[in-house]
There are 2 protein chains.
Amino acid sequence: MVKYGNNAVVGQSGGPTAAINASLCGVISAALSSKKIGTLYGMANGIDGFLNEKLYDLTSVFTDNESDLEKLKLTPGAALGSCRFKLPSEESDPQFYEKLFDLLKKYEIGYFFYIGGNDSMDTTAKVSAYAAKMGIDIKVVGVPKTVDNDLCGTDHTPGFGSAAKFVAAVCAEIRRDTAVYKQKCVTIAEIMGRDAGWLTAASALAKTESSDGPDLIYLPELPFSYEQCFEDIEKAWNDHPDVLIAVSEGVKLENGTYLGADSSNVDKFGHAQLSGAAKVLEKKVKEHFGCKVRSIELNTPQRCASHISSLTDINESFGVGRFAVGAALDGNTGVMAGIVRCDCDGYRSDHKCFNVSEIANKVKSVPRNYINERGNYITDEGLAYLRPLIIGECNITYKDGIPQHYIFPKI
Amino acid sequence: MVKYGNNAVVGQSGGPTAAINASLCGVISAALSSKKIGTLYGMANGIDGFLNEKLYDLTSVFTDNESDLEKLKLTPGAALGSCRFKLPSEESDPQFYEKLFDLLKKYEIGYFFYIGGNDSMDTTAKVSAYAAKMGIDIKVVGVPKTVDNDLCGTDHTPGFGSAAKFVAAVCAEIRRDTAVYKQKCVTIAEIMGRDAGWLTAASALAKTESSDGPDLIYLPELPFSYEQCFEDIEKAWNDHPDVLIAVSEGVKLENGTYLGADSSNVDKFGHAQLSGAAKVLEKKVKEHFGCKVRSIELNTPQRCASHISSLTDINESFGVGRFAVGAALDGNTGVMAGIVRCDCDGYRSDHKCFNVSEIANKVKSVPRNYINERGNYITDEGLAYLRPLIIGECNITYKDGIPQHYIFPKI
């Protein structure tokens, strides 16, 4: 086995979250305190920046700079910059790997950390496989992140808890807003999750003694039926005039088409109208009942509203980053650092390495037993899984009324 | 002058905000501690509920119940319930006033407090004018609320500061989210304000040492031009690839039509497409530049995200409610309790009564000197006006990760 050196490099990739920088902080914190690791480099804009040698020297930036690291921990977005870059297969582009490994050699990299979602685990798998094949000793460890919570292996993904807390808190608040009038009305909140309904399911956490939260919750895991939805709304109206629906952006009809691409959603001239699930449902409910209907797309703040991050999520995201460094130093490669839930009273989590080739390019859906029989709400089992992940509030630093973030200097 | 009694009644009306219940708490707190006021009633769903004798006995509910009052202070939505009810003129419907005053007599009301926006000040004006005409001694005082900040007289409106803080904080966070890629892109945040751009202007507060905030800000106070906007975007791209635009929902073209109703916004068959300002602008920018464009409607959370309320706003909203009671006890009627800004170093506010007939049915726009010459950003004068209003964070009570609210029992 050839070893290029003891330096390390870390990159961020894919869509950002409110917790992806907490994982970066975990990697930085563990790497800086390890005597086995030399310089820690940060890729500007992921693997794409690395290939163009756009690198931060994180060891210089953060040594003796605890307060900036704390600020970075609660900064949304990918502070190093991100990219959407799917690595080619070795067979299709061997020169790509030669160039990549020439650079890893140039910077004497022995440890390679990549923070991201499914595509990033694919990168982790490919880089580690190539290194193994060529007999090069680089420990390649993936660090998961996604608000969608749809990565396999890990009990849940860093970033999900903070997004879930925003969704649940805002649904509780929207509920107070919709409850003010006596007239029958329907409010539809559209929540992120193209393939898996985890984040939409988290809206059920809005139900507390002081808020009903959503009355109806529809996930992409089950086919959506307008007729059933209309029946559900009528039933909910028996209790109160303001019905709140949480619907996943990825909800599909029985025939497999997204609500937004529903061919029956046409204008008066018969032309197909493309829009979000909530907008389409708003139109249908309005047509059916003739009542006041409003749709609210929760949109980007779901993944960047770090002012209401989950303390559990931020701590775990940081912990997963630290654990990834420890795992690499222990000799693991081609793995994803993940979270396991301890089988104990109350909630406690621990870390574990997962073989990345078994995780990449797979999707973890919400299991059937987390959804009620009617397919319009979350069961107690589902709530028990979700609730611990949004617990705790972070100590946000405000200046002039605005949360403060950490920004890397331009390179 | 005939006096019906020493009881008081308070109602909430119009669209809710994150601070309208803080004003209600102010009224409750002052009324309960005054020996001159007997029972304080709360109208369920405003004047509409009062006419149907749907009333809470707030004196019973909140005497010796300080903690519920504190919870109510930070609860979004109109906790008593709201209505949209424009009082008829006396000439057109004298029986309406006879019925209303019969009920005021039945409940021995001597003090009438109405918390709301422009329509509520109209209610305040009409009820006080009728009482004066009939020689009935009821002190009628309006308490302002609106996230739009477009009421005349008062320096700013209770509810605006909290909405402004949410807008600014979320724009700072969205900016971190959009900054992650290297590719040129445009993100458009649509902000509430049909007639006045105050809340959109507040997005400029996102600019701090750790965030650029929006690059471009367009208000309804000035006509919007696509050509100028395209030039502005190109110029902003000289600095960084991710351009963030804050646009008011009420922005209009030179010819006076709303962006969303622009007749040139047609599908490929020539049919008019109606949608929000940001959606229309998204399409236009995409067509012009062919780059990635995303629109984000900040939507209802702007007026209900009390988890990030401005402490200044909550305290002032509470203060205005208390002041309204004091003003009524001092003999004022037909007035709106409002806020004045002290002419001193730093920020300090005080209260004042404004003659409600001079306020109702008028709109306060953002003055020209708060907007830069080019019409695409806020001046230092504007920022100096806005900044104090979002300062300070509230101590939110969370349970199971969710902010706790106060809900009145059903009646």
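Tutor: Let's start with Asn45(B), which is buried, with a relative accessible area of 12% (buried means under 20% relative accessible area, exposed over 50%, and partly exposed in between, with a 1.4 Å probe and protein chains only). Before going on, a bit of housekeeping: this is a predicted model, in which local features need pLDDT of at least 70 and side-chain atom pairs count only at pLDDT 80 or more, while totals for chains, interfaces and linings use all residues. Residues are numbered from 1 along each chain as its sequence is written, chains are lettered from A and ligands numbered from 1 in the order in which they are written, and side-chain values use heavy atoms, with hydrogens and water left out.

Back to our spot. Asn45(B) sits in the loop that runs between strand 2 (40–43) and helix 2 (46–51) of chain B (helices are DSSP runs of H or I with at least four residues, strands are runs of E with at least two, and both are numbered from the N terminus). Now for its backbone: most residues other than glycine have a negative phi. Asn45(B) isn't a glycine, yet its phi is positive, about 60°.

Chain A gives you another case to look at. Glu53(A), in the loop between helix 2 (46–51) and strand 3 of chain A, has a phi near 55°, again a positive value in a residue other than glycine. Glu53(A) counts as partly exposed because its relative accessible area is 32%.

Strand 3 takes us into a sheet. In chain A, seven strands make an open sheet with mixed pairing, in the order 3-2-1-4-5-10-11 (two strands pair if DSSP finds at least two bridges between them). Strand 3 (55–57) and strand 11 (349–355) of chain A have a single partner strand each, so they stand at the edges with one side lacking a neighbour in the sheet. From one strand to the next, the twist averages 30° (axes are lines fitted to C-alpha atoms, for helices over the stretch in contact, and angles run from 0 to 180 degrees between N-to-C directions).

What about cover? Six of the six residues of strand 5 of chain A are buried. In a regular strand the side chains alternate between the two faces of the sheet. Here Lys139(A), Val141(A) and Val143(A) point one way, while Val140(A), Gly142(A) and Pro144(A) point the other, and all are buried.

Now return to chain B, where four strands form an open sheet with parallel pairing, in the order 7-8-6-9. Strand 7 (216–218) and strand 9 (292–297) of chain B are its edge strands, each pairing on one side only, and the twist averages 15° from one strand to the next. Inside it, strand 6 (residues 185–191) and strand 8 (residues 242–248) of chain B pair in the parallel sense over seven bridges; at one point Thr187(B) stands opposite Leu244(B) of strand 8.

One last stop links the chains. Glu297(A), found in strand 9 (residues 292–297) of chain A, is partly exposed at 37% relative accessibility. Leaving aside neighbours within four places in sequence, Glu297(A) is in contact with Glu190(A) as well as Glu297(B) and Asn299(B). Its C-alpha atom and that of Glu190(A) are 4.6 Å apart, though 107 residues separate the two along the chain.

Key. Contact = heavy atoms within 4.5 Å.
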